[in-house]
Amino acid sequence: MCAAFDLATLRRQAPEVEWLDDEAQRKRASRDFSWFSPVLKRALDCARAEAVARPADQSQALAVIAACARQGVPLTLRGAGTGNYGQCVPLHGGVVMDMSRLDRILGIADGVVRVEAGARLADIDTAVREHGWELRLMPSTYRMATAGGFYAGGFGGIGSIRYGSLEEPGNVLAAKVAPMTARPEPIEVRGMAVRDLYHAYGTNGVLLELEYALAPCLPWVERLYTFAAFMDAARFGHALAHAAVDLRLLTVLDAPIPPLIGLEGKVPDGQCAVLMVVSRTGVEVANALAAQGGGHLAFEQDHAAAFGTARSLIEYTWNHTTLRALRRDQAITYLQSDFPPGQALELVEAMRSRYGAEVLMHLEFLRRGNVPSCAGLQLVRYRSEARLREIIAEHRAAGVYIADPHTWLLDESGRSDPGQMALKRRFDPQGLLNPGKLTTDVYEGLKP
């Protein structure tokens, strides 16, 4: 917990803000989806904010920032709380600021949308579709997730097969950010510099607004193919990812996964599955490539009709795969891996052969630097933290990159960089923003 502070003084300095201090409300606002990891669930369970602020607009958010900065109170930002690494868990107490009421869509023009940080991605996508556009990227939690939360704590997801991650230049064009000071003057960050705010967990500035680049809305169709052999399914995914076909999603699931996540009605027992969102012009190519590997079309539906509902195949991909599996088997956790281009299929086959049923293969195809790549969100049957660390180390030794989803520390998981740290020093001089998420945190009022 942080050093004692006077909540009454905070209220007086930000009188128009809705403040919550009921224990149940504080507990709810101090949680995210970090329970995906048994390591994080155990470590973060007791973390609790002393108060929750719910500003209704940007001026109220600035008042909260100023009040906390004057008293030296830690401030942790929260969107919808759909992150998996404890991004919005207040490790040292203080105030959690719920940004969800800052939800205005400020403008749509020329393939760009400007929104407040608390705007939900589903609402943004609905709005831009009226103008012939769609969001380039969204997580599987898009129905809940916010624009600011996605950028500060997310990665990519649906759309990454076309546009890579949020970090790729051109996906996020600008951000309005407030420093953690007693007189916070918002600053506009544009171009490449905005990447220094990406995936920083709100440790280096308070995101108020974002500009997202959009994509033309295409006539998409959702399709599910089944394969008897996993590597045939993986090779099909690899071939389709490299084809001149418009894709929005491409997921490969090993045979034990479909019945774990509710797809047993669409995927025969013992069969592997490939889920996709593909343009109608790419259907013939997908059919031809699937046939080469013995694949069969098992399900098809119009993407526009299913989008935004639980019926969409999106609901079975990316981290929703993990979520659905966890609901049926709480002994499951996951990895986040990256198989390098050029040897991806070879490493996928080697890792699958090595671990068998202990690590179930779940692949998502995406682009990195405009090169098709293969990432894993493997389901792991959890035995112990020691065994989990062993599996991670073995993957890394084999040449598979692991972004560790079982730590809340940015610089231990490989996610922080010098640009992020430079903004931390500039915009958070007292070290009050989401403290405890960097090994270099030096705020003297904090104790692990």
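Predicted model: local features only at pLDDT ≥ 70, side-chain atom pairs only at ≥ 80, totals over all residues.
## The chain as a whole

The protein chain contains 14 helices and 21 strands. Its radius of gyration is 22 Å, close to the 22 Å that the globule rule gives for 448 residues, so the chain is as compact as a globular protein of that length. Along the principal axes, its C-alpha atoms fill a box of roughly 70 × 50 × 35 Å.

Of the 448 residues, 60% count as buried. Among contacts in the chain with a separation of 6 or more, 73% are made by residues 24 or more positions apart.

## Surface and charge

The protein chain exposes about 17,000 Å², and carbon and sulfur atoms supply 51% of this area.

## Helix H4

Helix H4 covers residues 58–71. At 1.5 Å a residue, its 14 residues should span 20 Å, and its end C-alpha atoms are 20 Å apart, which agrees. Just after H4, Gly 72 takes a positive phi of about 70°.

This helix is mostly covered, with 10 of its 14 residues buried. Among the buried residues are Gln 58 and Gln 60, along with Leu 62, Val 64, Ile 65 and Cys 68. Several alanines of H4 are buried too, including Ala 61, Ala 66, Ala 67 and Ala 69.

Ala 14 lies in the loop between helix H1 (7–13) and strand E1 (18–20). With a relative accessible area of 1%, Ala 14 falls under the 20% cut-off and is therefore buried. Not counting residues up to four places away in sequence, Ala 14 touches Trp 19, Ala 63 and Val 64. Of these, Val 64 is one of the buried residues of H4. Ala 14 and Val 206 are 192 residues apart in sequence, and their C-alpha atoms are 17 Å apart in space.

Helix H8 runs over residues 230–241. Its 12 residues should span 16 Å at 1.5 Å a residue, and the distance between its end C-alpha atoms, 16 Å, agrees. The buried residues of H8 include Phe 230, Met 231, Phe 236 and Leu 240. Gly 237 is also buried, as are Ala 233, Ala 234 and Ala 241.

Phe 230 is touched by Asp 254. Asp 254 lies in the loop between strand E12 (247–253) and strand E13 (272–279). Its relative accessibility is 6%, so Asp 254 counts as buried. Leaving out residues up to four places away in sequence, Asp 254 also touches Cys 272, Arg 352 and Met 361.

## Thr 317 and Trp 318

Thr 317 lies in the loop between helix H10 (303–306) and helix H11 (318–328). It is buried, with a relative accessible area of 0%. Beyond its neighbours within four places in sequence, Thr 317 is in contact with Ser 140, Ile 158, Leu 249, Thr 251, Leu 275 and Glu 364.

Trp 318 is in helix H11. This residue is not a glycine, yet its phi is positive, near 45°. Trp 318 is buried as well, with a relative accessible area of 8%.

## Tyr 201

Tyr 201 also has a positive phi, of about 60°, although it is not a glycine. Tyr 201 is found in the loop between strand E9 (187–190) and strand E10 (206–216). Its relative accessible area is 3%, so Tyr 201 is buried.

Technical notes. Residues numbered from 1 in each chain as written. Heavy atoms only, no water. Helix = DSSP H or I, 4+ residues; strand = E, 2+ residues; numbered from the N terminus. Expected span 1.5 Å × (residues − 1). Buried < 20%, exposed > 50% of the residue type's maximum accessible area, 1.4 Å probe, protein only. Rg over C-alpha atoms; globule rule 2.2 N^0.38 Å. Contact = heavy atoms within 4.5 Å. Areas by Shrake-Rupley, 256 points an atom, 1.4 Å probe, with all protein chains shown as cover.
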